[in-house]
Amino acid sequence: MRYTLSSPVNMHYTVDLNCDLGESFGAYSIGNDEAILPYVTSANIACGFHAGDPAVMRKTVQLALAQGVAIGAHPGLPDLAGFGRREMAITPQEAYDMVVYQVGALAGFVQAQGGTLHHVKPHGALYNMAAVRPALAAAIAEAVYKVWPEAVLYGLAGSELIKAGKEVGLQTAGEVFADRTYQQDGTLTPRRQVDALISNPAKAVQQVVRLVKEGRVRSQQGPDVVLTADTICIHGDGPHAAEYARLIREALAEAGITVQPVNGRSA
């Protein structure tokens with residue numbers, strides 16, 4: 001990925017706070033969606049491939065609508081056992097088909113309950129693959145545009161996915177992470193590395209406030225990476241996700257940063 005110094009700083013100090021939710025399925029319960037929803041402004045709901053199932057999708061949409069949270073589809077690779085975090089050898093056509101299928105399903109549940117789909121954010125390995133592979137990114141962006149052209153496409157800030165979304169005519173939101181470390185090229189540190197996750201809440205808070213106010217994050221190699229932070233991700237499957245969400249929401253308010261959905265109302 002290539003990064004530029006053009007408009008890196010969010011001068012109005014507004015940002016969206018999103019979380020991956022609806023990841024339970026069948027007899028398995030993952031995360032604490034009800035505890036997290038009061039602190040976020042956008043929910044990325046699993047669509048049944050990497051996690052989730054029809055009943056969970058319906059219930060999570062209902063919870064998000066009740067909280068006034070913007071709802072997004074969170075399509076992933078068909079890998080329940082690996083939680084969608086293992087790369088798969090897929091073609092751009094296969095990626096297109098997977099995204100059309102999953103976004104259409106989640107959009108149906110949202111419409112059935114009187115809501116409107118707000119955004120789409122790929123999950124896990126699909127997200128990371130699309131960040132650096134132009135053909136895959138283009139296929140995903142086209143799938144989103146064909147199914148729901150009004151949707152905002154969430155992707156890693158500065159990535160090929162953001163570029164592809166803009167080229168196809170979608171509104172895009174550059175995403176940064178509270179609980180992940182970065183490489184010098186702007187990619188996330190792979191989860192297989194011991195330094196991939198930030199477990200210290202104070203460090204996570206410091207990272208997100210700096211990203212919003214300065215448009216910069218310190219890479220694992222030392223130099224800063226310049227990024228545009230439109231939305232901040234909190235992972236909902238962590239044991240302390242709700243506490244993280246509360247602390248980050250409070251820290252953003254203390255720093256004078258307004259938290260609201262991308263192009264949405266204040267929350």
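Leaving aside neighbours within four places in sequence, Gln183 is in contact (heavy atoms within 4.5 Å) with Leu188, Thr189, Ser219, Gln220, Gln221 and Val225. This residue lies in the loop between β6 (171–177) and α7. Gln183 has a relative accessible area of 16% and is therefore buried, a term that means under 20% relative accessible area, with exposed meaning over 50% and partly exposed in between (1.4 Å probe, protein chains only).

The model is a predicted one, in which local features need pLDDT of at least 70, side-chain atom pairs count only at pLDDT 80 or more, and totals for chains, interfaces and linings use all residues. Residues are numbered from 1 along each chain as its sequence is written, and side-chain values use heavy atoms, with hydrogens and water left out.

The protein chain as a whole may be considered next. Its secondary structure comes to eight helices and ten strands; helices (H or I, at least four residues) and strands (E, at least two) are DSSP runs, numbered from the N terminus. For 267 residues, a compact globule would have a radius of gyration near 18 Å, and the 17 Å of the protein chain agrees with this. That radius is taken over C-alpha atoms, and the globule rule is 2.2 Å times the number of residues to the power 0.38. Along the principal axes, the C-alpha atoms fill a box of roughly 40 × 35 × 35 Å. Of the 267 residues, 54% count as buried. Among contacts between residues at least 6 apart in sequence, 72% join residues at least 24 apart.

Helix α4 (residues 124–132) is mostly covered, as seven of its nine residues are buried. These are Gly124, Ala125, Leu126, Tyr127, Met129, Ala130 and Ala131. The buried residues of α4 pack against α3 (92–112), α5 (134–147), β5 (152–156), α6 (160–168) and β6.

Two packed helices are described by the angle between their axes and the distance between the axes. The axes of α7 (residues 201–214) and α8 (residues 241–254) come within 10 Å and cross at roughly 45°; axes are lines fitted to C-alpha atoms, for helices over the stretch in contact, and angles run from 0 to 180 degrees between N-to-C directions. The helices α7 and α8 are therefore oblique to each other, since angles under 35 degrees count as roughly parallel, over 145 as roughly antiparallel, 65 to 115 as roughly perpendicular and the rest as oblique. In this pair, Pro201, Ala204, Val205, Val208 and Val209 of α7 meet Tyr244, Leu247, Ile248, Ala251 and Leu252 of α8.
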